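Student: Could you walk me through this structure, starting with whatever terms we need? I'd like to jump between topics as we go.
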Amino acid sequence: MTTENKGPKGIDLEMLILGHMLIDTNSAITAAWSLHEEDFALHLHGQIFAIIKQMEDEPEEITWRNVSAKMPAPENGAQYLKELIKTARALLEYYKKTDDEEIEKFISEQLNIFEDTTNFTYAYEAAGRLRTAVQEPQNILSGLEELDFRAGGFRKGELSIIAGRPSMGKTSFAAQLAGTASKNKKHVLFFSLQNSAEHLFKYIACAGADIDRFKLKINRLTANEKELLEEEISNLSKTDLVIDDTPALPVNEIYLRSIMFAQQAQRREHKADMIIIDSFNLIRCGEMQTDILRRLKELARTLDVAVIVTLCLNRRTSAKYDYRPQMEDLPPAAAGADIYASLISFLYRPYYYKRDDESLKNKATLIIAQNRAGGTGDIGLNFNAESGRFLTPPEEILV
């Protein structure tokens, strides 16, 4: 009878290795020097390892303060390094490996597992995962019936893009997705790069209750509307929705904060489900902007979460131009979108361009331009501009 090895694996093991390298540079780290930056599943962990390894030949002492100073975002890097140390100590205490020699032996054993691990997936493993997926679907539903039917919702491990020209309702759409998912007991992290957390929460609550945002702003809600809004706020307050409204974050910082969000969920014996970024255009470019989508796809795969990013297209001023967006309208900064994104959709509201046609006022179309899980085409939606709520009409009306 074989005993299953219950030591830390995956991300926990990476944190154990890096945390202990920061705690004691003279004992357990000897087992880790055989590793390389690319051996780490998390890009951030590989970066930290490379910095520590480089500092071995420098006079500077290897401490979390000195390592964080060399990271792209030193302030938040320091916070994460302290988290690594805390995690490493907790893991070592949990596995009752307190003696230096025992610690060395323990980490060496785990490193053997780490080094021998490949990305091979055997058929029986894939079959087991598929059975689980059939019995317990992991896709995150949008609440828009036709979108969920065609795309199967938003899938974990994949990147989705919601694009559109200005004033099409991209933020409202993303806010509605966040509210729906969080009320369905999903753990959602929303990076609001252009709106404050308070403003975004108002978007989410008003869409959920179908309340006029302007009437709320000027305090003109009826007694019934106040009751509906209070009920929606109460429901949202019980969810695990997290809003980060720090403006102009670089993609590395988004990556770092997403990891911390996933770890916090894991401590509560939950799992991160969805990360929404509004918007791509406001992600600070400390590196090549064309690399952002690749990093977001990597984030989705690494944390096994659905990553959704809104993207603003350029305005078109020519009266001869067909304002319906298409793939060729994606900006150069989004090069590779068709490679990294599993779902690419465009929001289109013709009333914005044809104000004299009242029949178009509450109509919108979600154009599915790329969908690796199903078909493409147009999905007709009703749009309440006052509350920012999208609905699938009883009979889909395409515009």
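Tutor: Before anything else, helices (H or I, at least four residues) and strands (E, at least two) are DSSP runs, numbered from the N terminus. This is a predicted model, in which local features need pLDDT of at least 70 and side-chain atom pairs count only at pLDDT 80 or more, while totals for chains, interfaces and linings use all residues. Residues are numbered from 1 along each chain as its sequence is written, and side-chain values use heavy atoms, with hydrogens and water left out.

Student: OK, so where does Arg257 sit, and is it buried or exposed?
Tutor: Arg257 belongs to helix α12, which covers residues 251-267. Its relative accessibility is 19%, so Arg257 counts as buried, where buried means under 20% relative accessible area, exposed means over 50%, and partly exposed is in between (1.4 Å probe, protein chains only).

Student: What does the side chain of Arg257 join up with?
Tutor: The side chains of Arg257 and Glu253 are joined by a polar contact of 2.9 Å. A polar contact is a pair of N or O atoms within 3.5 Å; within protein, one must be able to donate a hydrogen and the other to accept it, and residues adjacent in sequence count only if both atoms are side-chain atoms.

Student: Staying with α12, how do the axes of α12 and α13 cross?
Tutor: The axes of α12 and α13 cross at roughly 10° and come within 10 Å, the axes being lines fitted to C-alpha atoms, for helices over the stretch in contact, with angles running from 0 to 180 degrees between N-to-C directions. The two helices, α12 and α13, are therefore roughly parallel to each other; angles under 35 degrees count as roughly parallel, over 145 as roughly antiparallel, 65 to 115 as roughly perpendicular and the rest as oblique.

Student: Which residues meet there?
Tutor: On the α12 side they are Val251, Asn252, Tyr255, Ser258, Ile259 and Ala262, and these meet Ile292, Arg295, Leu296, Glu298, Leu299, Thr302 and Leu303 in α13, contact meaning heavy atoms within 4.5 Å. The residues of this contact of α12 with α13 divide into eight nonpolar, three polar and two charged, with Ala, Val, Leu, Ile, Met, Phe, Trp, Tyr, Cys and Pro counted as nonpolar, Asp, Glu, Lys and Arg as charged, and the others, Gly among them, as polar.

Student: And α9 with α11, at what angle do they cross?
Tutor: Helix α9 (residues 197-209) and helix α11 (residues 223-237) have axes that come within 9 Å and cross at roughly 120°, and α9 and α11 are therefore oblique to each other. The contact involves Phe201, Ile204, Ala205, Cys206, Gly208 and Ala209 of α9, together with Leu228, Leu229, Glu232, Ile233 and Leu236 of α11. By class, the residues of the contact of α9 with α11 divide into nine nonpolar, one polar and one charged.

Student: What about Glu232 in that list, buried or exposed?
Tutor: Glu232 is in helix α11 and is buried, with a relative accessible area of 7%. Leaving aside neighbours within four places in sequence, Glu232 is in contact with Lys183, Ile204, Ala205, Gly208 and Ala209.

Student: Where is Lys185, and what is its phi?
Tutor: Lys185 is in the loop between α8 (170-183) and β2 (188-192), and its phi is positive, about 65°, although it is not a glycine. Lys185 is exposed, at a relative accessible area of 73%. Asp210, in the loop between α9 and α10 (213-217), also has a positive phi, near 60°, and is partly exposed, with a relative accessible area of 34%.

Student: Last one: how many helices and strands are there in the protein chain?
Tutor: The protein chain has 14 helices and nine strands, and buried residues make up 48% of its 399 residues. Among its contacts with a separation of 6 or more, 68% are between residues 24 or more positions apart.
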